[in-house]
Amino acid sequence: MSRSFSRRKDQEGYLHPLTLFALTILFTFLVFTRNPWLYGITCAASFLILLSRSARTCIKNLVFYAGIFGVAVLLAHISSGFTTGAFLGLAILILQLFPIMNIGRALVMTSSTKIFTAMRQLHLPISLSVGLVTALRFLDEILLRLKEIKAGMKIRGFHASLLHPVRTFELYFVPLVYKCLHVSETLVSSIIAKGIEYEGEKTSYYDMRFKFADGISLFAGVALLGVALWTS
Amino acid sequence: MMKLKNVVQIAVLAVIGCVVAFGISMLTGLLGMASLYISAGFAAFVIGPTFVIAARKVQKRGTALLFWAVLGLVYAILGYGIMIPITLIAGIVCELIIGKYDNSKRIAIAFSVAMFIDSMHSILLTKILGVEGLVKYMSSTFSPEQAAQMVAAYTNEVILIAVAVNVVLCLLAGFFGAFINNKFFEKSTQQSKLK
Amino acid sequence: MDIMKVNIERFTYQGAEKSSLHAIHFAIAPGKLVVLTGNSGCGKTTLTRVMNGLIPDQYEGTLDGKVTLLDQNLHDFKTGTLAKVIGNVFQNPSDQFFTRKAEDEVALVGENLGMPQAELRKRVKKAFEYMSIAHLMDKNLNELSGGEKQRVAIASTLVYDTKIIFFDEPSASLDQEGIRDLQGILKLLKASGRTIIIAEHRLYFLEDLYDKLYVMKDGTFIKEFDAGELKSSDCKDLGLRAIDFSALVPHNTTKTGERVFSAKDVHVSVGKKELISNLSFDLHSDEIMGIVGTNGIGKSSLGRVLCGLAGKKQDISWGKTQRERLKNSYYMMQDVDYQLFFDTVENEALANGKKISDAYLAEVSWIIKHIDLWNKRSEHPQNLSGGQKQRLALANAFLSEKQILILDEPTSGLDYMHMDKIAELIFELAKGRPTLIITHDIELLLKVCQTVLLIKQDGYEKLDLQTAEYHKLISYFEQMMK
């Protein structure tokens, strides 16, 4: 019972990857509107979209948002010098970008299969689609790999240092690049062996038609943009 | 003919470069006025090595163009969709200069030129788009106030300094990329100290 | 009729001076399980790549010869369609996954080859059920254990009625329980009539399964065995991994010295989950202690606590705090790629915290010769093979001036010859420094360790391998295979 429920949610509950991508672009225009109401709605909508993908990530982002918001409020009160001004600017920029980051996170968390199918729907060349989906997969892992490299450095007694930027760069960069290239080689062999280069018709495991939720979301996005342009 | 393996290598390297560079760009934003001059300069030092490695590993026509196209797409996901045409121009120019992908110096120079085009985006866009254009097309970066400040900040003098600084930074970044590639990703020619 | 016929005169990788394969001629009957074994670099992975069609398209080179599958030349199959007939399970399951979710990964092959959605859903579900992992369908692949990941990888070969499944060193990233499970799966697949081809060092789990076993050396077959023919004595003569444990005996007879270190009531947890609690042990000078334990018990996490990468404050005599433990101990990670940073092998070895003097240069020269990397001393460490990297990482551990060494799976994926080499190195270089080895390689344990800390769900015990207690270790391993 619970199995069929989760399947239904997976098929119908989430937005199409192309909708998410379109929303990223729409939100790019929306988040810098001077209208606090519009910013609030955009922000809330982005958290809702993220919530529909993962409650845990949504809560994490909410906490992070609240933290940055707190810092911004604090800096705004004590702001006087150049440095605090720069930090305040950065905090505000992060807050403004937050809705896009939320949607971007939802997009990155979308099943690679769905993104891959969406790219096929756009008639992008297969090799490019594979390249981008693989790159997205690595995007998710870069921080994890950097953490392991840091552990390896600690054991060998090497540390990051601003005084030696080139050495520090090498310490992190070289193992990271080698690792990603090694993994990508196995990955490519694996997907070729799974027939990715087959030139005939392909199918999708998921129902990838645009649904009501996609229409509503896009309509709401465009409508909000209209309001934003009209009020400005 | 480029193989799937090559496309994936290029995409992975471009993404590594872009992600690390994006992190660094956020930090250079903290430098306030100085960021006007060096905009993409620091990021170039991360993208440079990934580009040279990709070019030398794949050594096939189209590598440069694909690398810059992927950068453009990642920029788009991060909210800088307007960068796509600029990265495409950078990619085409890079492809024209790079030759047969067999000379590290030439690859470094091709990268430097492309990166210079990329790093000039803020000045180009400011000049071409003006305040209204900036708000319209790059709203993720600028509020109207910021856009106005930006346009005012880019006086001819500032532009001249920015061009000079970026030429130097991009050239250095290109050769830094070649240095990292030669040191870690090409066959070593070092003499052994051991006996 | 044979399902596959292989006739290779010669294969040379692009840019290589020497050929990787030569004079290989054999045929495989349907439903048979064929094992290709031999030392690293003998050509077994290359041979599987020729047989599964990845050579010469994916891995470029010159192939003089022909492979036929169901009487059709492999290269006459339409691009991609081989996936309907051949399934592949690569060495490290995590590296071969394109998607994040288990069911997506299994469905990929069907999507690529245009299987209708309703049929695909049915077949994916069936593949999961066949592998007894229906509960993992909607799980994130990163959250699965090594064995579970491997089951997903195998499930993805079952969406079509594949005739042949290739396995490249399937036991390399598995622990004892994982290997036992793999044995069960292979039995199941064989019973279903599929032809199975395995390139592998470890042989004990294949003893009752293989129909044909080919031993390779320098790119060609040097010996072949039919079912049940391979004996322990053959393994010894040919330098292969043991086919059964019962003949193994401990080798290290060096007596340990006085007690130098102790750990009391060590706690190991990951997140909020406590994996090990109240673990205490003493270490003596010259002691080499193995750490063995059941799947998921937290052996690597224990290693991280003992070396100071985790675990905050602990009652450990070589360091109460993480910082102190990091200063005094060295941890060789399971994945040594994260511990190699320099441009050449010799610079990697020279960078171990000592001042460069003539004496130090001589010490590094000696160790690089000893780990058999002298001819590669000017090459980039990350370009070495897996076994070579492990040897270099081991050299780094010994060149460090740390008082205690912790090695995490130093021989995973190594053939007998290289395992033996590493065992020799540990034996020789660990003198004067207590060394802990986290491993499930029983041959290594019995070659170098005097003691073993055996951690089970219900507690732990320290075995003295120099007494009859070593039988307990062997029966523990035998038990795990039942």
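**Helix packing and contacts**

Visitor: Is the crossing of α3(A) and α9(A) left-handed or right-handed?

Guide: The model is a predicted one. In chain A, α3 covers residues 36-53 and α9 covers residues 212-231, and the two helices pack with their axes 10 Å apart. The crossing of α3(A) and α9(A) is left-handed.

Visitor: Which residues of α9(A) make the contact with α3(A)?

Guide: The α3(A) side of the contact consists of A:L38, A:I41 and A:T42. Across both helices, the contact residues divide into 5 nonpolar, 1 polar and no charged. On the α9(A) side, the contact is made by A:L224, A:V227 and A:A228.

Visitor: Are α3(A) and α9(A) roughly parallel or roughly antiparallel to each other?

Guide: The angle between α3 and α9 of chain A is about 160°. An angle over 145 degrees counts as roughly antiparallel. Therefore α3(A) and α9(A) are roughly antiparallel.

Visitor: Which element gives the largest share of the side of chain A that touches chain C?

Guide: The contact takes 38 residues from chain A and 45 residues from chain C. On the chain A side, the elements giving two or more residues are α6 (112-121), α7 (126-156) and α8 (165-193). The largest share is 13 residues, and it comes from α8(A).

Visitor: How far apart do the C-alpha centres of domain 1 and domain 2 of chain C lie?

Guide: The domain assignment of chain C gives domain 1 as 4-238 and domain 2 as 259-480. In chain C, 12 residues of domain 1 are in contact with 14 residues of domain 2. The C-alpha centres of these two domains of chain C are separated by 31 Å.

Methods:
Residues are numbered from 1 along each chain as its sequence is written. Chains are lettered from A and ligands numbered from 1 in the order in which they are written. This is a predicted model: local features need pLDDT of at least 70, side-chain atom pairs count only at pLDDT 80 or more; totals for chains, interfaces and linings use all residues. Two residues are in contact if their C-beta atoms, placed from the backbone, lie within 7 Å. Helices (H or I, at least four residues) and strands (E, at least two) are DSSP runs, numbered from the N terminus. Domain bounds come from an automatic or database domain assignment. Axes are lines fitted to C-alpha atoms, for helices over the stretch in contact, and angles run from 0 to 180 degrees between N-to-C directions. Angles under 35 degrees count as roughly parallel, over 145 as roughly antiparallel, 65 to 115 as roughly perpendicular and the rest as oblique. A crossing is left-handed if the near helix is turned anticlockwise from the far one by less than a right angle, and right-handed if clockwise. Ala, Val, Leu, Ile, Met, Phe, Trp, Tyr, Cys and Pro count as nonpolar, Asp, Glu, Lys and Arg as charged, and the others, Gly among them, as polar.
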